[in-house]
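Student: Please take one part of this model and look at it closely. I would like to follow the charged side chains, step by step.

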Amino acid sequence: MTPEQALDRVVHCLDRAHETGFRTRAWVRARDVVKATDPDELAERAREGTLTDLPGIGAASAGLITEALGGEVPSYVLKVEAETVIELSPEAARYREALRGDCHLHSTWSDGGASIEAMAATAIALGHEYMVLTDHSARLTIAHGLDRERLLAQLDDLSELNTRLAPFRILAGMEVDILEDGQLDLDDDLLGRLDVVVASVHSKLRMERQPMTERMVLAASSPHVDILGHCTGRLIDKRPQSVFDADYVFAACARFGTAVEINSRPERLDPPKELLDLALSYGCYVSIDSDAHATGQLEWQSHGCTIAAKSEVPLERVINTWQREELLSWTDAA
Ligand SMILES: [Zn+2]
Ligand SMILES: [Zn+2]
């Protein structure tokens, strides 16, 4: 394990524990400094005990670098690995083992913290056969959403990356904003080009019940939309659920072949159980998604598996347990 790999692993583990505080920022900084430092200089400083003269390197990161250079797995890596493991019940593990991909994740193209390639490398390490890259659409300016030009540039990047990463595949997708009138924040021709479209509400979350219902039904019934993202918009202990008539929305999802997402982010865990149960009673498909904005967050799918297990979602209704070709023919048709 090189110092860089050791630091990547630490940051990954802190990400999966949803640690965003000072400790994580310090390790990210140390990693960036190590990446920017010549390996020979690093080795020399480790020998001479001058690593901490580098900006952003403190006693803990210097210790980790020295251990890694000495050919051991640094003790801090072992500690943080053990502390941040995401536990799974046997029932939830059944779902996790069946997952072949992840249909909702972000990169540095929008508001993610890792490159497409870094996300793909982690997805591969987690055993996935594919991932759907779903950066934000243009309307979400605070998240640096992609307009037409940038999405086209990203699609070019994907074909190059896919040649390199085969047989793993990065599927083309987007998390498209559902506008206030239920229209989608992307031109039809581009929606048609994407493999998988996640549609989510990110604005005016407190709309009245009826217009919110109409807005979501319209989006769910679009032939381009494959997955309805984090449908209630809640942020646990921070933002209440949006108010809408879930019967109409899930009936539309079932009728028009739009999967209801189980969003695995710890602050979302959306939909809550009673709504997921309702969606299942309508015969909706489900997608268990990480909505990861960092590599370690790709492991959050495990939280979604726990939710799926509690609602006893039939495994065959989870679209990302399907073979990639099966998923693609479904999104084409649905
Ligand atoms: Zn979203
Ligand atoms: Zn997202």
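Tutor: Start with Asp8. Its relative accessibility is 27%, so Asp8 counts as partly exposed. Keep in mind that this is a predicted model.

What does Asp8 meet? Its side chain forms a salt bridge with that of Lys35, at 3.5 Å from N to O. Asp8 sits in helix 1 (residues 3–16) and Lys35 in helix 2 (residues 22–36). The two are 27 residues apart, and the pair links distant parts of the chain. Lys35 has a relative accessible area of 41%, so Lys35 is partly exposed too.

How many salt bridges does a search of the whole structure find? There are 17.

Now take a pair within one helix. Arg45 and Glu41 form a salt bridge, and their closest N and O atoms are 2.8 Å apart. Both residues lie in helix 3. They are 4 residues apart, which is about one turn of the helix. Glu41 has 31% relative accessibility, so Glu41 is partly exposed.

Asp189 and Arg148 form a salt bridge, with 2.7 Å between the closest N and O atoms. Asp189 belongs to helix 9 (residues 188–193) and Arg148 to helix 8 (residues 148–165), so the pair ties together parts 41 residues apart in sequence. Asp189 is partly exposed at 44% relative accessible area. Arg148, at 30% relative accessibility, also counts as partly exposed.

Some salt bridges are linked into a network. One such network holds Arg9, Arg16, Glu81 and Glu299.

Other charges sit in a patch. Asp38, Asp40, Glu44 and Glu48 gather on the surface as a patch of negative charge. Glu48 lies in helix 3 (residues 39–48). Its relative accessible area is 54%, and over 50% counts as exposed, so Glu48 is exposed.

Glu175 coordinates the zinc ion (ligand 1) together with His202 and His230, at 2.1 to 2.2 Å. Glu175 also bridges this zinc ion and the zinc ion (ligand 2), and the two ions lie 3.5 Å apart. Glu175 is in strand 3 (residues 169–177), while His230 is in the loop between strand 5 (227–228) and helix 11 (246–256), so this pair ties together parts 55 residues apart in sequence. Both Glu175 and His230 are buried.

Key:
Residues numbered from 1 in each chain as written. Chains lettered and ligands numbered in written order. Predicted model: local features only at pLDDT ≥ 70, side-chain atom pairs only at ≥ 80, totals over all residues. Heavy atoms only, no water. Donors = N, O, S within 2.8 Å, 3.2 Å for Na, K, Ca; no water. Buried < 20%, exposed > 50% of the residue type's maximum accessible area, 1.4 Å probe, protein only. Patch = residues over 30% accessible without salt bridge, like charges linked within 9 Å, V, L, I, M, F, W, Y side chains within 5 Å. Areas by Shrake-Rupley, 256 points an atom, 1.4 Å probe, with all protein chains shown as cover. Salt bridge = Lys/Arg side-chain N within 4 Å of Asp/Glu carboxyl O. Lys, Arg positive; Asp, Glu negative; His and termini not counted. Charge placed at Lys NZ, Arg CZ, Asp CG, Glu CD.
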